[in-house]
Amino acid sequence: MSVTTLTRDVTWPGLRPWLGTLVRLGLAAVWLFAGAAKVGDLAGSGRAVNAYQVMPFEVAKVIGAALPFVEITLGVLLVVGLATRAAAAISSALLLVFIAGISSAWARGLSIDCGCFGSGGQLAAGQSPSYAPEIARDLGFLVLAAFLLVWPRTRLSIDRWLEGTT
Amino acid sequence: MSKRQQGKSAAKVVRKQLAAERRRKRTMWVSIAAVAVLVIAGLIGWGVYQSQRSDAGPLVAPASATTTTGETLGTGPVQVQLYEDFICPHCKDFEATSGSAINDLVNDGKIKVTYNTVAYLDPASTTEYSTRSAAAAACAADGGKFKEYHDALYAQQPAEGSAGLSNSQLIAIGTGMGLDQGSFGQCIDSGRYKPWVASVTDAAAKAGVTGTPTVVVNGQVIPNPTPDAIVAAVNAA
């Protein structure tokens, strides 16, 4: 009897919602840091978007100003575990756009900072871009988002609490 | 199984289906609400940015500058555009190594040089020193002391991550050059040229300048702006 309890405790279905909580909080931290780093310099955020040279400057300014607020909101949704699957889906979509943007900057031979965590897309003189690590990092974040997209039910979440109310 | 039992289990199945349907609907509405909140957050960001811009006051350009470009010195035929940030250490290095070559080119009547004093590095100080220093240099331009003031700011460049020079220190540098304490001080304290700095910075970003210092000779970016490279580019132009 005690043996079956023990094995049941460490099974994947038992562990997964807790692992999901860790993943959710990890992805939340990513968005909160990314947003907080940019929110104090919205003009710089717009310049960072513009540095990719994929849209007119006026559009880049709008995206650059909106993005930090969207990132922080995503972070808050993930911290409290509300609409986890939707937040994971939007996270995945955003990360795919970022990865595409960095790849295209790399392919076009641009010399920019990704601006992922602030810094306004500016690369200090003599500093070479680090596209591969930036893409690898975003792919790691994408794995977190994909986990939550597949298994959005996590412990210590508002989603779970709502589930219990019906 | 009796009829009664069958009826009970059928009711159970129906209840389960109804509960699943309720969950599905709730998840959908929660998701829609979350997306709406994200859209609203984005709109708030744009609104905050717009109000930051309009709160800064009207856009006026200082002497020898336009609303989108910096102070221009010299009257030579070749146009040199410099993009500098007063807190950028590499700009200080650039001024130390290439500044005199540019001065010579101006004095020899070969170039006119535009100092686009951009504020790319406002987050690099705790007091938006990039914007404040560029605006102060614009105030000095009104008093005819742009270049002198520009050189003084590089000589006293604060470290990245610091608070930078205070407004009263910026004013003291100017009065030390003979600028009028009253009008120069008022120009700095009121932030008269802060909107202009933002405008020049925007124009630089729009022109594709992603870093400072950037040196452009007759429309061509000089990738490694040594004195020799600049002189060669000017002579070739």
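In the predicted model, strand E1 of chain B and strand E3 (residues 111-117) of chain B pair in the antiparallel sense, and three bridges join them. One of the contacts between these two strands involves B:Leu73, whose bridge partner in E3(B) is B:Val113. The pairing belongs to an open sheet of five strands in chain B, arranged in the order E1-E3-E2-E4-E5. The sense of pairing across this sheet is mixed.

Helix H7 (residues 194-206) of chain B lies across E1, strand E2 (78-84) and E3 of chain B, and runs at about 110 degrees to E3(B). Helix H8 (residues 227-236) of chain B lies across E2, E3 and strand E4 (214-217) of chain B, and its direction makes an angle of about 20 degrees with E4(B). The domain assignment divides chain B into domain 1 (1-55) and domain 2 (71-236). Between the C-alpha centres of domain 1 of chain B and domain 2 of chain B, the distance is 55 Å.

For chain A, the unreviewed UniProt entry lists residues 21-39, 59-80, 87-107 and 135-151 under "transmembrane region". Two of these spans may be described from the model. Residues 59-80 of chain A are 100% helix and 0% strand, with end C-alpha atoms 32 Å apart. Residues 87-107 of chain A are likewise 100% helix and 0% strand, and the end C-alpha atoms of this span lie 30 Å apart.

Charged side chains were examined next. Side chains of opposite charge can pair when their charged atoms come close. Over all chains, the count comes to 10 salt bridges. One of them joins the side chains of B:Asp202 and A:Lys61, with an N to O distance of 3.0 Å. This pair crosses between chains, from helix H7 of chain B, which holds B:Asp202, to helix H4 (residues 57-80) of chain A, which holds A:Lys61. B:Asp202 has a relative accessible area of 10% and is therefore buried, the limit being under 20%. A:Lys61 also counts as buried, because its relative accessibility is 13%. Both residues take part in a network of salt bridges that links A:Glu58, A:Lys61, B:Arg53, B:Asp202 and B:Lys206.

A salt bridge within chain A is formed by A:Glu163 and A:Arg153, whose closest N and O atoms are 3.2 Å apart. This pair links distant parts of the chain, 10 residues apart: A:Glu163 lies in helix H7 (residues 158-164) of chain A, and A:Arg153 lies in the loop between helix H6 (131-150) and H7 of chain A. A:Glu163 is partly exposed at 27% relative accessibility, whereas A:Arg153 is exposed, with a relative accessible area of 60%.

In chain B, B:Glu21 forms a salt bridge with B:Arg24, and the closest N and O atoms are 3.3 Å apart. Because B:Glu21 and B:Arg24 are three residues apart in helix H1 (residues 3-55) of chain B, about one helical turn separates them. B:Glu21 is partly exposed, with a relative accessible area of 35%. B:Arg24 is partly exposed as well, at 48%.

Conventions: Residues are numbered from 1 along each chain as its sequence is written. Chains are lettered from A and ligands numbered from 1 in the order in which they are written. This is a predicted model: local features need pLDDT of at least 70, side-chain atom pairs count only at pLDDT 80 or more; totals for chains, interfaces and linings use all residues. Side-chain values use heavy atoms; hydrogens and water are left out. Two strands pair if DSSP finds at least two bridges between them. Helices (H or I, at least four residues) and strands (E, at least two) are DSSP runs, numbered from the N terminus. Contact means heavy atoms within 4.5 Å. Axes are lines fitted to C-alpha atoms, for helices over the stretch in contact, and angles run from 0 to 180 degrees between N-to-C directions. UniProt positions are given in the numbering used here, feature names are shortened, and annotations may be inferred rather than shown by experiment. Domain bounds come from an automatic or database domain assignment. A salt bridge is a side-chain nitrogen of Lys or Arg within 4 Å of a carboxyl oxygen of Asp or Glu. Buried means under 20% relative accessible area, exposed over 50%, partly exposed in between (1.4 Å probe, protein chains only).
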